[in-house]
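The questions below ask how labels are assigned to residues and pairs. Each answer sets a value against a definition.

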Amino acid sequence: MKKVMLSLFIAFGFSACSLSNDDKMNIDCGTYSDVSFTGYPLFCNYSMVTNPTNAVALIATSQENMDKYFKKHTNTCPNSSDPAIDFTKNYLIGVFSGIKSSSGYTIKITNIVENKCQMIVNFYEKSPLPGETTSPTSTYPSDFVLIPKTSKPIIFIKATENPDNIIIGTYKAQCTGADCQNFFQINDFNILKFQNVVSGGYDFSQYRYTATTKRGDYASLLSSVPSEILNNQGQTKTYGTPDSAGQGGVYFELHKGLKVTRIYIDNNDTDDQGSEIKLFKKLIKDKITSLK
């Protein structure tokens, strides 16, 4: 993979450092290991004081940093609480694409690794797809995550990734506890576990998530989706009457290219569920059990 630094690095309490192949630096940094991180829906409660017009990376190490570069506003995400940061344990890092001429652009942190010498943040960028409807309004794509507090230099590397993904979930409104709402995103590079999902509030951009680096699960799960569901391309379909009597339901969402397909399946085996749908429902439940 080509190692590409963002064109500008903003570090609060850090200094930037590029990867080096200098043989004079005879330091054994050890092997890389995955770093756990938490997705942070900053837009729900904050906005930038000044949107960056160039590609930049940012590290905030204190509330003072947050107050200097972000302004707080009323929570705009109805199902998200105020995401306070404990800077004694975590830092906020963000990546920005800079100004874009329209909607349809995305930037996303995919995985983070570290060794004894440094931490590396990998991210990708998406441009509007052919045929995608966009708005000719300037946008400033960004993504934010929380990482464990560190004193290591942090390197940002641009990678190439497939943005297609699947979201699976089990839900039950009339219950309390951790098992009521279980939702995960599975993509080509990691698995996201969404936190505190509200029943019926399935705009997943508003939730924090924890990320696990794992490849191969997306392709495997996609190959198991019945053709009956795939044929719904970009549509929403419901089997039975999920959660109408507190019995709960199973959720499936496929983002593939420009199309978003959403499927709701009754936990009870209803007449409109053929054998393939019943088997797929069980597959989703078993997958979620393995990810908890």
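Q: Why is Asp-286 called partly exposed?
A: Its relative accessible area is 41%. Buried means under 20% relative accessible area and exposed over 50%, with partly exposed in between (1.4 Å probe, protein chains only), so Asp-286 at 41% is partly exposed. This is a predicted model, where local features need pLDDT of at least 70, side-chain atom pairs count only at pLDDT 80 or more, and totals for chains, interfaces and linings use all residues. Residues are numbered from 1 along each chain as its sequence is written, and side-chain values use heavy atoms, leaving out hydrogens and water.

Q: What makes Asp-286 and Lys-282 a salt bridge?
A: A salt bridge is a side-chain nitrogen of Lys or Arg within 4 Å of a carboxyl oxygen of Asp or Glu. The closest N and O atoms of Asp-286 and Lys-282 are 2.7 Å apart, so the pair qualifies.

Q: Why are Asp-286 and Lys-282 separated by about one helical turn?
A: Because they are 4 residues apart in helix H4 (residues 275–291). Helices (H or I, at least four residues) and strands (E, at least two) are DSSP runs, numbered from the N terminus.

Q: Is Asp-143 buried or exposed?
A: Buried, because its relative accessibility is 10%.
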